[in-house]
Amino acid sequence: MTQAPMQPDSPVLESTWQAKSQVFDYRQAANPVRPGLTEPLRYHQWGAELHQSGPTAVVPLDLSAELGCSGPATSPGLAAHFLRILAGEGLKAAANATSSLFYVLQGAGELHWGGQQLAWSAGDLFVLPAGETPLLQGHQDSVLYWVHDGPLLTHLGVEATLPRFQATHYPAALLQRELDQLLADPTAARSNRLSLLLANSDLPQSRTVTHTLWAMLGVVPPGAVQPPHRHQSVALDLIIDCDPGCYTVVGTELNASGQIANPRRIDWQSGGAFITPPGHWHSHVNTSDRMARLMPIQDSGLHTYLRSLDIRFAGGLQGDA
């Protein structure tokens, strides 16, 4: 067997390979999350007026221009939307995503996906893995909150092809029954949050609703002021139901008494949504006379897998029993 002589590297090729090379002093590049470079996530909120009128439509909560990434994107890894579906009409929720979560704010209808059908109504939540594009048909005028991890896949330059969990439905009746049991438990008052974490038996290690997404159905009782906590995942918070006087205080630091220093207040609105940036301390407050309900969706499934969630609690209360 005759071996071809080795040719010297082409100077043209070598020049092309070096064209994009850069070197920075560590101090200039160790933390590029700053304005003008990698834009930090900022506080932002959306009102219920986005979905209370108009035709059948997907309404993206899009901050991609601020983030400097491909859109629609609500955070670097997640995209949130309101879906408005008029009675008798249908809407396809198309995305290159490994995880899609839908929470039904109002109305009723039917899902068609993967040759299967699922009836849904107000208070239901369901999650879908990678697969065909779901079709949502409204039997009544309906509004759903839809979050998926498409921006993460766009950043990685990949296509979602392999389902990583089974499509799962959490009916409103099941969630309410579990919530009633939690509220009846006298020991629950010692926890940082009165909440249900939704999980999938396909994901026993992370105990999350999908392998990238985390979902919580929480309540804030009248007069409650929750101790602050923080985590490195972003929270896309949906306010399901509240009266005026419910709000979240947020900030980057705690003072000597364990309260949020120089806090910013985000007032709640039923059917509205807002962002809690990663690493920011936050506390929910209810000064009204009625229980409030919220549903944060986070990329905690991914952070848990990466061991980077870093959840912390102030005031001596813990998140688990």
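1. Basis. The structure is a predicted model, in which local features need pLDDT of at least 70, side-chain atom pairs count only at pLDDT 80 or more, and totals for chains, interfaces and linings use all residues. Residues are numbered from 1 along each chain as its sequence is written, and side-chain values use heavy atoms, with hydrogens and water left out.

2. Secondary structure and extent. The protein chain contains 21 strands and six helices; these are DSSP runs numbered from the N terminus, with helices being H or I of at least four residues and strands E of at least two. Along the principal axes, the C-alpha atoms fill a box of roughly 85 × 55 × 40 Å.

3. Burial and surface. Of the 321 residues, 45% count as buried. Buried means under 20% relative accessible area, exposed means over 50%, and partly exposed lies in between (1.4 Å probe, protein chains only). The chain exposes about 16,900 Å², of which carbon and sulfur atoms supply 52%; the areas come from the Shrake-Rupley method with a 1.4 Å probe, and for residues only the protein chains shown count as cover.

4. Contacts. Among contacts with a separation of 6 or more in the protein chain, 75% are between residues 24 or more positions apart. A contact here means heavy atoms within 4.5 Å.

5. Salt bridges. Side chains of opposite charge can pair when their charged atoms come close. With a salt bridge taken as a side-chain nitrogen of Lys or Arg within 4 Å of a carboxyl oxygen of Asp or Glu, the count is seven. One of them joins arginine 27 to aspartate 25, with the closest N and O atoms 2.6 Å apart. Arginine 27 is exposed at 72% relative accessibility, whereas aspartate 25 is partly exposed at 32%.

6. Aspartate 310 forms a salt bridge with arginine 230, the closest N and O atoms being 3.8 Å apart. Aspartate 310 lies in the loop between α6 (300-306) and β21 (312-313) and arginine 230 in strand β14 (residues 229-230), so the pair ties together parts 80 residues apart in sequence. Arginine 312 also bridges to aspartate 310, at 3.1 Å between the closest N and O atoms.

7. Serine 142. This residue is in strand β10 (residues 142-148) and is buried, with a relative accessible area of 1%. The side chain of serine 142 reaches the backbone oxygen of glutamine 140 at 2.8 Å. Not counting residues up to four places away in sequence, serine 142 touches Leu83, Arg84, Ile85, Gln106, Gly107, Ala108 and Trp120.

8. Leucine 254. This residue sits in the loop between β16 (246-251) and β17 (264-267), partly exposed at 28% relative accessibility. Beyond four places away in sequence, the residues that leucine 254 touches include Pro228, Trp281 and Ala314. Leucine 254 and threonine 187 are 67 residues apart in sequence and 27 Å apart in space, C-alpha to C-alpha.

Definitions and conventions. Polar contact = N/O pair within 3.5 Å; in protein donor to acceptor, adjacent residues only side chain to side chain.
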